[in-house]
Each structure stands twice: as C-alpha cells, then as structure tokens.
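Hi there,

Here is the structure I promised to pass on to you. Please have a look at it first, and then read my notes below.

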Amino acid sequence: MTLTVSLLDYGAGNVRSVRNAILSQGVNLIDITEPSQILQADAIIFPGVGSFGSAMRVLKDKGFDGPLREYLKDHKRPFLGICLGMQTLFESSDEQYEDGPDTDTAIPGLGVIPGKVVRFDSTKMVVPHMGWNGRILHQSSPVMQHVDKDDQTYFVHSYYAPITEQNKEWVLASTTYGGQEFISAVQRGAVVATQFHPEKSGSTGLRVLQGFLEAVENGTLETTTQLKVDPSAETQLVKRIVVALDVRTNDHGDLVVTKGDQYDVRENHKEGVQEGSRGGVRNLGKPVGLARRYYEEGADEIAFLNITSFRQGVVEDMPMLRVLEEASQNIFVPLTVGGGIRDYTDDATGQTWSALEVAAEYFRAGADKVSLGSDAVHASEAFIASGKVKTGKTSIEMISRVYGAQAVVISIDPKRVYVKSMDDVKNEKHVVVELEKDEAGPDGERLCWYQCTVKGGREARDICAVTVAKASEMLGAGEIMLNCIDMDGQCKGYDIALMRAISDAVTIPVIASSGAGLPEHFSQVFERTRVEAALAAGMFHRKEVEIEAVKDHMRSCGLPTRKYS
C-alpha cells in the first residue's frame with residue numbers, strides 16, 4: 001500500500017517545488033484544505049514560506065492552529081516542517097510583533113518546542129543567511145540515513161532558533177553562520193523539521209525526503225540515538241555559482257534563451273552580420289532544457305530573466321509562467337525569476353494588477369525569489385525624495401512583508417560615469433567610487449559613479465547604484481543582483497570596483513554579474529570583494545567553460561564550494 005502524505009499549504013510562496021519533490025518519491029499526496037483533515041492525516045508535511053507573523057495569522061484565520069497543536073502534542077504522529085514550518089513550532093518569534101515592531105509582544109507560535117526565534121545580527125554578518133551550508137548531527141536518525149555528513153543543504157532565512165537548555169533534546173542538527181550556532185533540524189519522536197529546504201537542496205534534499213518517507217512507511221521514524229558532538233565543530237557557507245538565462249521571444253515568436261553584448265541581444269558584426277544590417281536575436285537554446293542541464297551540472301541557483309517584460313504584463317505572459325512550472329518539476333535548486341514585476345493595468349480589459357499580485361503568479365508557478373529591476377529604481381528615487389519615508393506601498397515593501405525579505409532580489413543595471421575629481425559631483429544620489437589602477441577607465445580614469453538605468457538599460461536615471469542598493473535594503477529587499485552594462489558580454493571579468501562598492505555598502509547578500517569569461521574571474525571577485533555569489537550566462541551557454549571547471553578552480557584557491565552529488 002502506497003503511503004499517503006497530507007500537504008499543509010496555507011497559500012504563501014512557492015509550494016510547487018515541495019509538491020514536486022514529494023511526488024518524485026512515489027507517494028500519494030493530498031492537500032489539507034479543512035481543519036478537520038489535520039487530525040485524520042497519516043503524515044503531514046508543512047512547508048512554511050514567508051514571514052512568521054503572516055504564517056501564524058493565516059493558520060489562525062483558517063482554523064488550522066488548534067488541530068495542528070493537537071496533532072503534534074504527543075510527538076507520535078509523523079510530521080515534517082520545512083523552514084518556517086520549523087520556526088512556527090517554537091513558542092514565539094521576533095520576526096513580527098503583535099502590536100508593531102516597537103513593542104515587546106512577540107507573536108506566539110505553535111509552542112511545541114521551547115524557545116524563541118530571533119534575528120541574526122546584521123552588524124556581524126550578512127543577513128539573510130542565504131545559500132548552501134553544512135550540518136552537525138546531534139542525533140542519528142533514519143531521516144538522514146541516505147545523506148553524507150559533508151553534503152550541503154540550502155538555507156534562506158533571517159531568523160534562527162538558538163539552542164537552549166530547554167530545547168537541546170530536540171536538536172537533530174546544528175549549523176554555524178558568522179560564528180553563530182543555530183538549530184538547523186529538530187526531531188522528537190515522529191516530529192521532524194528542518195530550517196533548510198530539502199526541496200531546494202538538489203539530490204541531497206531529495207534523499208532527506210526519501211529518508212523521512214521511508215521511515216514513516218516502515219515505522220522506524222522514532223528510532224533515534226543521541227550523538228556526542230564536538231563543541232568546536234563549525235560549518236561553512238559556500239560561495240554560490242548562479243546561472244542566468246535571459247529569456248525572450250525571437251523574431252519567429254519562439255521563447256528562447258539569448259545573451260546580450262552590452263545589453264544588445266541581436267547578432268552583430270562579431271558574428272558575421274554585415275554593418276548596417278539588423279541581426280537576429282541570439283538563440284542559445286530552450287529555457288527549460290538549458291536550466292535542467294545546468295541543474296545536472298551543479299549550478300547552485302538558476303535565474304530566469306524575462307528581458308522584454310517591461311513591454312507587457314507578466315500575467316498575460318503565459319509562456320514564461322509555463323517555463324517556471326515545467327522547470328520546477330525536476331529542478332530542485334532555487335529558481336529566481338525577474339522581469340515586469342510592477343503595478344500595471346491591462347489595456348485590453350482595464351483590470352489593474354498590483355506588483356504583489358504579479359509576484360504571486362510567479363511564486364505559484366515555481367519561483368522562489370522574484371527580481372525587481374526598474375520598479376526598484378523608481379521606488380528608491382521616491383524613497384530618497386521623501387526623506388526616506390516608507391509608504392508600505394512600494395513593490396519591495398509589499399512583497400517583502402508577505403513573502404519575506406529573502407524572496408525579494410533587486411536587479412541593478414548601472415554604467416560608469418567618469419569624473420575628474422570628487423568636487424565634480426555635488427548630488428547626494430551619486431556616490432563616487434575610487435578605481436584601482438587595474439580597474440581604471442579606457443583613458444586611465446580613476447574616479448566614477450555608477451548610473452542606474454531602467455527598461456533593460458535603455459533609459460538612464462539620475463541616481464547611482466550604491467544609493468539604490470542601500471535604499472532597497474531599507475525598503476525590505478533581501479538580495480542584490482548587481483549587473484554592469486560596461487562589462488556585459490565582454491568576458492573580461494566582473495567590475496570589481498562596483499562589486500566592492502555595493503557589497504561594502506549593504507548588509508544583504510550581493511550576486512556579482514556581467515563580464516565572466518574564465519574560472520579565474522570567479523575567484524577574483526570572491527577574493528577581492530564581499531559578494532556571496534557570482535552569476536554567469538554566455539560562457540556556460542556556449543560551453544566555453546563548464547560549471548565544474550569553475551568549482552574546481554575555486555576549490556584550488558581555497559574558496560568554499562558546494563560538493564555536487
């Protein structure tokens with residue numbers, strides 16, 4: 001008889017990947033839509049996504065909280081919580097407060113595990129904790145029976161559960177980040193939960209799910225043993241390799257992956273197009289097929305960038321939504337999607353969509369993070385003009401409030417503007433960056449500011465990349481994807497000065513983008529700046545460099561790199 005698992009989907013974030021990961025294990029899956037189904041379930045998987053406060057409010061509003069507490073109270077019934085699904089098991093969280101952030105009344109959790117969830121200290125580390133990290137086992141458990149102790153899993157969270165005297169018997173695994181130890185998995189009896197995302201941890205995560213489901217089916221889930229833990233043991237967050245797929249329709253109406261040369265995606269004289277002629281859109285492959293290839297080759301994350309979406313609304317762009325749906329069926333690493341996430345009105349019907357509603361379409365289709373471009377620049381301009389007053393109505397604020405800061409990536413497309421001296425720039429929105437000798441401009445320029453652009457690089461704005469990055473962080477963004485028009489498609493390496501300036505200015509993760517052509521370019525940007533990830537596209541699409549070659553080079557330089565298995 002095939003095991004039946006009940007999925008508690010309370011309607012926030014990307015649950016499609018969890019669903020696909022569970023189904024890949026050959027079990028039956030039913031959705032919990034009524035409170036009465038909770039106590040009738042044979043096994044429950046609860047993938048919490050978003051913020052603690054919004055999750056607990058939804059559970060309460062739907063009447064799920066009471067039956068869930070009853071289901072969990074004696075620790076005898078199979079349960080797997082994921083990320084926020086683990087954090088809600090604790091007594092409370094600092095993530096959102098009952099009466100606002102200036103009060104001391106933390107929103108209560110399910111109260112199954114003693115302790116309070118607290119925020120990482122952004123003065124000591126980059127927050128969110130985002131990427132692949134290890135685990136230190138405190139118990140032997142059938143859940144981890146198929147997982148090598150050195151395999152990394154994917155984390156993305158700003159809040160963590162500390163180990164205390166009261167909850168230490170619950171700890172299945174711990175992880176360290178920036179010197180801070182936290183609980184990365186719990187188990188007591190049949191109740192299991194992970195801070196990491198099994199459905200986003202590649203084959204390692206699928207083996208965690210396999211271990212849990214096999215143990216439920218054969219009745220061995222509660223067979224655990226306490227292990228002796230080395231108090232000096234630590235884990236390490238790796239440097240991520242992100243592959244980007246610029247997606248657009250070609251001249252024949254087909255959705256293809258393309259690549260720009262300083263943001264021009266049409267073939268030019270370098271590819272044999274006669275001067276003055278209009279080249280076709282570069283076609284480097286089909287989006288889902290390429291994404292699957294990169295997943296199998298060890299990409300740590302994949303980003304789909306809809307590079308013409310500013311011309312239309314995302315909700316009408318059904319092919320792009322289908323790309324996400326298909327990709328999430330068998331790609332189990334984080335998926336970011338960008339393009340056209342903004343408030344807009346459908347000219348044909350007159351219907352208005354908010355940026356939050358547009359983002360929700362992407363999340364439901366399989367995205368883990370959404371990337372905001374032009375809309376983030378405009379929001380930053382308004383924020384600065386208002387004296388840094390938050391309205392709660394920008395796309396950054398709305399999406400972050402519902403889905404969490406970690407779900408909001410800001411894609412910045414700047415270009416250099418050279419100046420002769422610091423005195424030449426009087427505008428507070430223009431932060432001048434000093435260039436080292438090997439970073440100088442074509443005529444030896446040693447000073448510049450990085451002017452932001454919108455509409456795919458077609459329109460320059462009177463604000464710099466540093467200002468937009470800092471404003472976006474204040475508005476609630478959780479990551480910066482930092483491009484550079486000057487370096488795009490040149491294969492000469494990242495703009496180190498730009499990457500350094502932004503990663504030094506913010507306390508959220510930064511992804512370096514634009515310019516990679518050799519494995520050495522990755523080690524250079526990781527060694528010379530504080531970026532946590534590096535993105536490339538064309539060099540991988542054209543098979544000039546393999547992902548594993550980049551990772552082998554990084555390992556040879558002593559850079560922490562994910563082991564792919």
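This is a predicted model: local features need pLDDT of at least 70, side-chain atom pairs count only at pLDDT 80 or more; totals for chains, interfaces and linings use all residues.

Is Ser380 buried or exposed? Ser380 counts as buried because its relative accessible area is 0%, and the cut-off for buried is under 20%. Which residues does Ser380 touch once its neighbours within four places in sequence are set aside? The contacts of Ser380 are then with Ile463, Val468, Ala471 and Ser472.

**The protein as a whole**

Stepping back, the protein contains 16 helices and 31 strands. Of its 565 residues, 59% are buried. If you take the contacts with a separation of 6 or more, 72% of them come from residues 24 or more positions apart.

**Helix 9**

Helix 9 runs over residues 355-365, and its buried residues are Ala355, Val358, Ala359, Ala360, Tyr362, Phe363 and Ala365. Directly after helix 9 comes Gly366, which has a positive phi, near 130°.

**Helices 13 and 14**

Helix 13 (residues 496-505) packs against helix 14 (residues 519-528) at an angle of about 35°, and the two axes are 10 Å apart. The crossing of helix 13 with helix 14 is right-handed. Which residues meet there? From helix 13 come Ile496, Met499 and Arg500, while helix 14 brings Gln524, Val525 and Arg528. By type, the residues in this contact of helix 13 with helix 14 are three nonpolar, one polar and two charged.

**Rings and charges**

Now for the aromatic side chains. In general, the distance of the centres and the angle of the planes describe a pair of aromatic rings. Counting pairs with centres within 6.5 Å, I get 12 aromatic pairs. One aromatic cluster is made up of Phe120, Phe155, Tyr160, Tyr177, Phe182 and Phe196.

Phe196 from that cluster also has a charge over its ring: the charged end of Arg135 sits there, 6.0 Å from the ring centre. Another such case involves Arg562, whose charged end lies over the ring of Trp132, 4.0 Å from its centre.

That is what I have for you so far. I hope you enjoy looking through the structure, and do write back with any thoughts.

Best wishes

Technical notes: Residues are numbered from 1 along each chain as its sequence is written. Side-chain values use heavy atoms; hydrogens and water are left out. Axes are lines fitted to C-alpha atoms, for helices over the stretch in contact, and angles run from 0 to 180 degrees between N-to-C directions. Helices (H or I, at least four residues) and strands (E, at least two) are DSSP runs, numbered from the N terminus. A crossing is left-handed if the near helix is turned anticlockwise from the far one by less than a right angle, and right-handed if clockwise. Contact means heavy atoms within 4.5 Å. Ala, Val, Leu, Ile, Met, Phe, Trp, Tyr, Cys and Pro count as nonpolar, Asp, Glu, Lys and Arg as charged, and the others, Gly among them, as polar. Rings of Phe, Tyr and Trp (its six-membered ring) pair if their centres lie within 6.5 Å; planes under 30 degrees apart count as stacked, over 60 as edge-to-face and the rest as tilted. A charge sits over a ring if NZ of Lys or CZ of Arg is within 6 Å of the ring centre and within 35 degrees of the ring normal. Buried means under 20% relative accessible area, exposed over 50%, partly exposed in between (1.4 Å probe, protein chains only).
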